[in-house]
Amino acid sequence: MSPPLNDDRSTRHSVRATARRTAALVNALTAEPDPDPGAIAGILLDHGELGPLELTADDVAGLRTAALRLREVFTADGVDEAAGVLNRLLREGTGPLRLSSHDGRSPWHPHLDSDDEAPWGEWFLASSCMALTVLLWEGQRPPGGLCSSPGCGDVFLTVGSGPDRRYCSRRCATRERVAAHRRARAGSRSP
């Protein structure tokens, strides 16, 4: 029997950590057509991937393809549509469920990709589908959304309780409130 891992490596495999990584990567990979491999590697490292990481342009292209597909989950109109998108992605882009410890280098955790050496894009799509599926299952609502700020376009997670979110960040929400306030003030001054 292997001793339990007593460091924070297990937290990088949690559902919420995986979902946070998904949103960050979807935003970075879909913001422009040719994302910088170094910047994408930095996001992966920031979200617990072990380094050093050297991504190629082909690696990033595979990740971007997966991100564009995953973005559909965040832009879905309601829980039924989000579930439908996830079902399609699970059917088309993942393999059978298996457990991996990466030869004892990490805690046991589920994988839906073909193997531990799967291409980055396959791994990203599979791990993200699994995390977003669990969030939808737990919350019975879409696991994320698209920021309502016209100039933003970022996706965000809808975890926790409370009212439905409309914005990806406080900054976007504040910017929109200020803009609405200014429009209202300008309208009240008009003859």
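Reply: Happy to! An angle between axes of over 145 degrees counts as roughly antiparallel. Keep in mind that this is a predicted model. Helix H3 (residues 57-74) packs against helix H4 (residues 79-93) at an angle of about 155°, and their axes are 8 Å apart. H3 and H4 are therefore roughly antiparallel to each other. On the H3 side, the contact is made by Arg 69, Leu 70, Glu 72 and Val 73, while H4 brings Ala 82, Val 85, Leu 86, Arg 88, Leu 89 and Glu 92. Sorted by class, this contact of H3 with H4 has six nonpolar and four charged residues, with no polar ones.

Now to the aromatic rings. Searching the whole structure turns up one aromatic pair. Its partners are Trp 120 and Trp 123, arranged edge-to-face, with 5.3 Å centre to centre and 90° between the planes. Both tryptophans lie in helix H5 (residues 120-139), three residues apart, or about one turn of the helix. Trp 123 counts as buried because its relative accessibility is 12%, and the cut-off for buried is under 20%.

The structure holds zero disulfides, and a disulfide would need two cysteine sulfur atoms within 2.5 Å. For Cys 168, the closest cysteine sulfur is in Cys 152, at 3.6 Å, which is too far for a bond. Cys 172 also has its closest cysteine sulfur in Cys 152, here at 3.8 Å, again too far for a bond. With 1% relative accessibility, Cys 172 counts as buried.

Methods. Residues numbered from 1 in each chain as written. Predicted model: local features only at pLDDT ≥ 70, side-chain atom pairs only at ≥ 80, totals over all residues. Heavy atoms only, no water. Axes fitted to C-alpha atoms, helices over the stretch in contact; angles between N-to-C directions. Helix = DSSP H or I, 4+ residues; strand = E, 2+ residues; numbered from the N terminus. Parallel < 35°, antiparallel > 145°, perpendicular 65-115°, else oblique. Contact = heavy atoms within 4.5 Å. Nonpolar A, V, L, I, M, F, W, Y, C, P; charged D, E, K, R; others polar. Phe/Tyr/Trp six-rings, centres within 6.5 Å; stacked < 30°, edge-to-face > 60°. Buried < 20%, exposed > 50% of the residue type's maximum accessible area, 1.4 Å probe, protein only.
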